[in-house]
Amino acid sequence: MTANDTPTGKQPTATYDSAFLKACRREPVPHTPVWFMRQAGRSLPEYRKVREGVPMLESCMRPELVTEITLQPVRRHDVDAAIYFSDIVVPLKAIGLDLDIKPGVGPVVEQPIRTRADLARLRDLTPEDVTYVTEAIGMLTRELGPTPLIGFAGAPFTLASYLVEGGPSRTYENAKAMMYGDPELWADLLDRLADITAAFLKVQIEAGASAVQLFDSWVGALAPADYRRSVMAASAKVFDAVAGYGVPRIHFGVGTGELLGLMGEAGADVVGVDWRVPLDEAVRRVGPGKALQGNLDPTVLFTDKDTVEARAREVLDAAAGLEGHVFNLGHGVMPNTDPDALTRLVDHVHTYSAR
């Protein structure tokens, strides 16, 4: 049984009636729930302390360290959900790809995926490949109690882009060239990555995650027609693979104002919105039957308290007519953000939105 199941004749598990899961299910909530993408990270001095001298990928594979880092923002900010501390390339590393996360650069792939023969390197992911994930989530759910834990994975398009480019890119020229010029190879690559991603999310859900979020950080580089033709089926395959667990499925990308409807159509229960589209407009683009998540501009947190609160109220007011709303930033917490600003923001959202 997962953290979101309510079988007939059994009491709901501890997280089921949380404000976060209720909002995801578009049910009435006592207050708008809040969590932040990258809430566990460099903005926290306690994070920098425990990560000192530990490479990023290694830190994702130490259950005790993952547990501590994931819990840090819950303790400090009183957020309504924890997000599992990981990185989108963890499942790729787990199946044996030669890659690393280089400080100041990001994920770097030693041998990019460029040919059909390269696909053979993308074997299936098994639970035995990521036993540290199962162990960490077991530790986390015991510590979190009624606070939901959100599972985490990178979406097939963003993973494919890293693999084809060999690292971060501003133009995605190699990935897009494959997508346009060899659509069969591209489709097979995304399909393989969808299977790996789905397997990674299943491990997290079966270990106790109450919801999952699929990050498609780079998908905003696509036109809607290209997303529908070349990407949507792979994302839908991931969402379909975990649908039977009954946990909310969140889909987020950056610069995706033109894709919001399609991202919901791919199978998400909750569509994440960046700061570029107001939530009252986003709900029109997404359509009925979906909750929304977002969408304060992360840079607002560098201003004074009154400005942060005023901008947060604008987000909450724009979301007033939504069936379900989870307050978040329009992207991740920036490394130089004052942690106290986040704590104050959580308190303000809870107070202002109290029903």
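Salt bridges that share partners join Glu258, Glu281, Arg284 and Arg285 into one network, a salt bridge being a side-chain nitrogen of Lys or Arg within 4 Å of a carboxyl oxygen of Asp or Glu.

The model is predicted, so that local features need pLDDT of at least 70 and side-chain atom pairs count only at pLDDT 80 or more, whereas totals for chains, interfaces and linings use all residues. Residues are numbered from 1 along each chain as its sequence is written, and side-chain values use heavy atoms, with hydrogens and water left out.

Across the whole structure, a search finds 19 salt bridges. One of them pairs arginine 228 with glutamate 265, with 3.3 Å between the closest N and O atoms. This pair links distant parts of the chain, 37 residues apart, since arginine 228 belongs to helix H10 (residues 224-230) and glutamate 265 to helix H12 (residues 260-265); helices (H or I, at least four residues) are DSSP runs, numbered from the N terminus. Arginine 228, at 45% relative accessibility, is partly exposed.

Another salt bridge brings together the side chains of aspartate 191 and lysine 237 (2.8 Å, N to O). Because aspartate 191 lies in helix H9 (residues 183-207) and lysine 237 in helix H11 (residues 232-242), the pair ties together parts that are 46 residues apart in sequence. Aspartate 191 is partly exposed at 33% relative accessible area, and lysine 237 is partly exposed at 30%.

How values were computed: Helices (H or I, at least four residues) and strands (E, at least two) are DSSP runs, numbered from the N terminus. Buried means under 20% relative accessible area, exposed over 50%, partly exposed in between (1.4 Å probe, protein chains only).
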